[in-house]
Amino acid sequence: MNRMDDSRASVDWSAWKRILRFARPHRRDLIVLVLTGIATAVCDTLFPLITRSLIDHIEQFGAQFDLRPFVAGYAALTLALAAEVWVFIHCAERIAKHVSHDIRQAGFARLQELSFSYFDRRPVGWLMARMTSDCDRLADIVGWGSFDMVWGSSSLVAITAVMFMLNWRLACVVLLVVPPLMIISRRFQRRILLSAREVRKTNSMVTAAYNESVMGVRTTKAFGREEENLNRFMEQSDRLYGASVRNALQSAVYLPLVMTLGSIGAAMALMYGGVQVMDGALSLGTLLAFMTYARHFFDPVQEVATVLAELQMAQASAERVLGLVETIPEIRDSEDVRERLSKGWIEQGMAEDGYPLCFERIEFRGVGFKYEDGQRVLSDFNLGLRAGETVALVGATGAGKTTIAGILSRFYEPTDGQVLFDDVDYRSRSLAWLESITSVVLQAPHLFRGTVRENIRYGRLEASDEEVEKAALLVAAHDAILSLEHGYDTDVGEGGGRLSSGQRQLVSLARAVIRDPQILVLDEATSSVDAETEQRIQRGLESAFRGRLSVIIAHRLTTVRSADRILVIDAGRIVEQGTHQELMALGGRYHQLYSGQRVDERVRRWEPRE
Ligand SMILES: Nc1ncnc2c1ncn2[C@@H]1O[C@H](COP(=O)(O)OP(=O)(O)OP(=O)(O)O)[C@@H](O)[C@H]1O
Ligand SMILES: [Mg+2]
């Protein structure tokens, strides 16, 4: 990701071809756009020819000839040009909008499928930028860039062809200015785009700095950092000023330079052509046409140079977007599973992959696991789980509890060994099946914008209002929800930000149980509620645990006492296991952890020791 914003020395056409594929469904618009580009270029080239003919007529006949055909010619060309401009703006805009929509949709669909590990490696801000600014940028290039490219190159070809047809010697003279024009345009366009980007970048940094200092104003004041903040802001503001001035200067130098070159071309045409006119070898009209062409040659050259520079600059955007859209999810149904999937199985009371809907046993057999560019978390990890039991995972921070739960839910797959559901490797079963029988409450649950009711229903979309409330009752969240301002219709805000973290946990618990899952995984699901509420939830959950495999992860050990089995995890290994009583009697690690917490709690409550 170190090449997030750089531009390339040359244009890699293969990436652009892949981006252009997004325009394929809009082929008709694209073809019309290309044809309009060519037609516009031809019209542009015809104007000086009419003028030439007019002047030649005046030279030949004085004022004694019919002007009407010329007026008609001008009028027709003007109308045609207007129509073409209308068509191409329409088409380019449509293509840009559609392509941007399609890329975004493809990206979004892919984001839904990608595995957890993909998101481990990419910050949210990065992904957002891909889907917003990169997308728009590419869509603009596909829409507008292709028109400019077609118009620019057709104009160049048309003007050159007409000049050679009229007088090839004079054409060669005029074309002398083209190589320097090309070189200067390429150089400057690139620089201008680079400094424009610098302006955009510093501008967004200034905005971010504003944002941060407003958001963090309390912290700033608390630490007495006002002065430093101001200095940092001034620095960035100065940078913005510098970049803007540079950008303006470059444009200020470039345009006159190009116009001068155009005039030099015209002057050369005048010098060389003037002599020929005097010799009678060239008509005055032709000379004027040449001078017009020479002066306007720089328009298409500039357009083509701009598009090339843009392609070069947006290369990184293209690669990033393709990198997202074309990524194949690491965890997905294998070829084998996909072949077996059939609706027919469901009618026979089986899962869609042809295996039983329910399971009896789950086994972690010699599981090893390592996060991408992380160190090994599990090695040769073995664990058997039975349907219906409640298993607690406890242990120090970073011991690997969340990782084990993640592998069980197939958010991550083992790097060695297997996870077996009734002796079938879960990679031989469909992901959708496992998803349909599993509910997970993550360590930091996320709620979506909407009401509490909608968020609970997210667990099972067809659930009725009664079922929503039943689920909330089950996890002892009902009263807490009713005490919110609008009860179940309270808006939770973006990401659940308007609820306290304890309330968020309650809602996500209800969301998890409403699905009536076979496997319920709770990762620190009640860590943010107060001890009293936790005990109430605990009693509720005990009935929620009934009949399903429940895996609970908790630091507060009072909440796991009633589990059928407690596993003490340390550095990715099970160091002790048994019921609360057995482990307490053992007097080992669990006993130590548990007693420590009891003491803590008493100290917190200012209770005298026994
Ligand atoms: N997404 C990740 N990418 C890389 N390494 C990770 C990732 N998640 C966890 N780890 C590492 O894996 C190890 C186990 O982490 P895990 O989250 O399983 O611990 P935990 O037992 O759940 O801890 P806690 O009680 O604090 O939640 C840690 O050393 C951690 O640094
Ligand atoms: Mg954890």
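Is D380 buried or exposed at 53% relative accessibility? D380 counts as exposed, where exposed means over 50% relative accessible area, buried under 20% and partly exposed in between, with a 1.4 Å probe and protein chains only. This is a predicted model, in which local features need pLDDT of at least 70 and side-chain atom pairs count only at pLDDT 80 or more, while totals for chains, interfaces and linings use all residues. Residues are numbered from 1 along each chain as its sequence is written, chains are lettered from A and ligands numbered from 1 in the order in which they are written, and side-chain values use heavy atoms, with hydrogens and water left out.

**View 1. The whole protein chain.** The secondary structure of the protein chain comes to 22 helices and ten strands, helices (H or I, at least four residues) and strands (E, at least two) being DSSP runs numbered from the N terminus. Its C-alpha trace spans about 120 × 70 × 50 Å along the principal axes. The radius of gyration of the protein chain is 36 Å, whereas a compact globule of 610 residues would have one near 25 Å; the radius is taken over C-alpha atoms, and the globule rule is 2.2 Å times the number of residues to the power 0.38. Of the 610 residues, 45% count as buried. Among the contacts with a separation of 6 or more, 76% come from residues 24 or more positions apart, contact meaning heavy atoms within 4.5 Å.

**View 2. D380 in strand β2.** D380 is found in strand β2, which consists of residues 376–386. The phi of D380 is near 45°, a positive value in a residue other than glycine. At 53% relative accessibility, the side of the question asked above that applies to D380 is exposed.

View 3. In helix α17 (residues 465–474), the buried residues are V468, A471 and A472. They cover an arc of only 100° around the axis, which puts them on the same side of α17; the arc is that of the directions from the helix axis to the C-beta atoms. An α-helix has 3.6 residues a turn, so residues three or four places apart point the same way. The face of α17 turned away from the buried side carries the exposed residues E466, K470 and L473. What covers the buried residues of α17 includes α16 (452–457), α18 (478–482) and α19 (501–513).

View 4. A476 has its place in the loop between α17 and α18. Its phi is near 60°, a positive value in a residue other than glycine. A476 is buried, with a relative accessible area of 15%.

**View 5. V551 in strand β8.** V551 has its place in strand β8, which consists of residues 549–553, and it is buried, with a relative accessible area of 5%. Not counting residues up to four places away in sequence, V551 touches V391, L393, L408, L520, V521 and L522. V551 and I566 are 15 residues apart in sequence, and their C-alpha atoms are 9.8 Å apart in space.

**View 6. R589 in helix α22.** R589 is found in helix α22, which consists of residues 589–604, and at 28% relative accessibility it counts as partly exposed. Leaving aside its neighbours within four places in sequence, R589 is in contact with V568, D570 and E576. R589 and G395 are 194 residues apart along the chain, and their C-alpha atoms are separated by 9.1 Å.

**View 7. Q250 in helix α9.** Q250 has its place in helix α9, which consists of residues 226–279, and at 17% relative accessibility it counts as buried. Apart from neighbours within four places in sequence, Q250 is in contact with F188, R191, I192 and S195.

View 8. S528 lies in the loop between β7 (519–523) and α20 (531–545), and at 37% relative accessibility it counts as partly exposed. Once its neighbours within four places in sequence are left aside, S528 is in contact with S501, G502 and Q505. S528 and L194 are 334 residues apart along the chain, with their C-alpha atoms separated by 49 Å.
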